[in-house]
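Let's take a look at a protein together. Start with the picture, and then we'll go through some numbers.

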Amino acid sequence: MPEDFTSVLKEKRIFKPSKEFSGNAHIKSLQEYKKIYKKSIENPEKFWAEKADQLHWFKKWKKVLGSNKDFFKWFEGGKINVCYNCLDKNIAEGKENKVAIIWEAEDGQTKTYTYSELLQEVSKFSNVLKAHNLKKGDRVCIYLPMIPELAIAMLACARIGLIHSIVFGGFSSESLKDRINDCNAKLIVTSDGGFRNGKIIPLKENIDRALKGCPSVKKVIVVKRCKNKISMKKNRDCWFHDEMSKPKIDDTCKAIEMDSEDPLFILYTSGTTGKPKGVLHTQAGYLLYVYQTFKWIFDIRDDDIYWCTADIGWITGHSYIIYGPLSNGATSLMYEGGLTYPHPDRFWRIVEKYKVTIFYTAPTAIRALMRYGDKWPKARSLKSLRLLGTVGESINPKAWMWYYNIIGNKRCPIVDTWWQTETGGILITPLPGATPIKPGSATLPFPGIVPEVLRENGSKTNVDEGGYLVIKKPWPGMLRAVWHNPKRYEKTYFGKFKNTYLAGDSARKDKDGYFWIMGRIDDVIKVAGHRLGTAEVESHIVSHKAVAEAAVVPIPDKIKGQAIYAFVTLKKGIKATDNLKKDIIMHVADNMGHIAKPSKLQFADDLPKTRSGKIMRRVLKEIAKGTKEYGNIATLADPSVVKILEKRVIK
């Protein structure tokens, strides 16, 4: 829930797109949107079939939509290649010399790839992968910083039917090991390190530690990025540049025909149990959905310079740095470093330097940059911007207004987008030329999407009544499975309401039908837009030799949206000290990643538990926030624990 949710409930301001923006937009009015939306809901198969005709197919589908009790299939019988649609198709349409990717390194160096240059590099790396005896359906784990080789590797996998699983570079060796073993990856693509805020992140060292427990991995290909001193294991490790320069590696590679429902990638996302979920996306439906959402939501034009600030290790980077933009023949900017390095105007310098027209970032970043004041953006020319976007969590009205007034100079529409790893692409969003915007609201569903807010019993909520956010009809970009775990897939997403996708977020719908996202229903903490399972964080805390038990809960954070507050019970005979507290926090950072570090850690003699031994996290949330709205605590085995924890809470 946004930290100023009361003000969100009272939000009355409405911002309409300018006549000039609407006149040039793909969808020009609310009336046009409503007409398209009505058709998309009344006859979804016809709607999506018409949109699918924009893609390149080796063979057309036999059936648009089919289903069984576990999941929904799209464009069965069709043959397609995602990489072909992102590269070859654009070249065939005369865009061979158009810039596909602009890359800026943290130190300011720049590299660009035209569509033909990118195809050449992708084809070469596809041939490298084939030379290592990888076959269609094999898994490749990619653990790289935000460098061009990351885009090249994922597109190369897509070209020859390999399933990529990208792991965010901020995750540690333990998190890596879990993900590699779950998908049984045969090959790893990593680098000697990555730059972040002037420091080197030791990616290869993390891989080496992880691979001590990963028997499926046969080969590691290493990009030389930092000239960092690393060890190379004989017969397992090889350099990316050496592999790419071998005489037998050709720079052409035929894109293989993939079935519409063949797997494209696995991306791990945190859940309420300790083990991350391997979300599986397939070929045609995913590609179509990111193609169409990118085209309409970002109102893409041929001369746009588009920049999404996400990391490709998250779904936003997959869908809206690579697959969505490139399938539309757009120019997509990739940036390697931190948002305030070396100065708080780094983002605004990049916008000015490349004349960025569309800027898509997270509320976390906006709040962080707000803290430095208006002088930094005002010192840069941001006049090239014509559209702004937000992603990852709800944006509170205060941050929205700063973004609109200072960054957009009161002339750029803001698309506040709601979606998830599992949805593949954006589901609820304004269309910038059509939708009147309310600060803090994700507004209206994208065509083809049927969201609803339900009560516990499955009935619809009233206006402004909070409830479970669900999606009632299938859409092409939806996840098809949890990797090798169909029971978890069915239970997590379709177990609560029959044939209805459960988002796991709470929401409300106002009198105009606008959706307002209120936060997570389950025990997932969203730190800076990144979903972290409480069980996964707790298991890393408990793995510290001094810890007996732990429980983590979210607390509001002005910059990150939510931060982690940890309650920790030590083993008997161990003394609670500040040094031990620091050591436990660093233990989590080292074993799971810095993103999972508790912001506050409180030692506790005992935790509030039911008589059956279940920790009452709702009580801990109230203690951590200082609100004390516990409800009934008579069911606790020892209610006096609450008062003791209250006295020691960290302000």
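A residue counts as buried when its relative accessible area is under 20%, as exposed when it is over 50%, and as partly exposed in between (1.4 Å probe, protein chains only). By that rule, 62% of the 651 residues of the protein chain are buried.

A quick word on where this comes from: the model is predicted, so local features need pLDDT of at least 70 and side-chain atom pairs count only at pLDDT 80 or more, while totals for chains, interfaces and linings use all residues. Residues are numbered from 1 along each chain as its sequence is written, and side-chain values use heavy atoms, with hydrogens and water left out.

Now for the overall build. The protein chain has 22 helices and 30 strands; these are DSSP runs, numbered from the N terminus (helices: H or I, at least four residues; strands: E, at least two). Its C-alpha atoms fill a box of roughly 70 × 65 × 55 Å along the principal axes. Contact here means heavy atoms within 4.5 Å. Among contacts between residues at least 6 apart in sequence, 71% join residues at least 24 apart.

Let's zoom in on helix α15, residues 363–370. Of its 8 residues, 7 are buried, among them Pro 363, Ile 366 and Leu 369. What do the buried residues of α15 pack against? Here are the partners:

| Packing partner of α15 | Residues |
|---|---|
| α14 | 346–354 |
| β18 | 358–361 |
| β19 | 387–390 |
| α17 | 397–407 |
| β28 | 547–557 |
| β29 | 561–570 |
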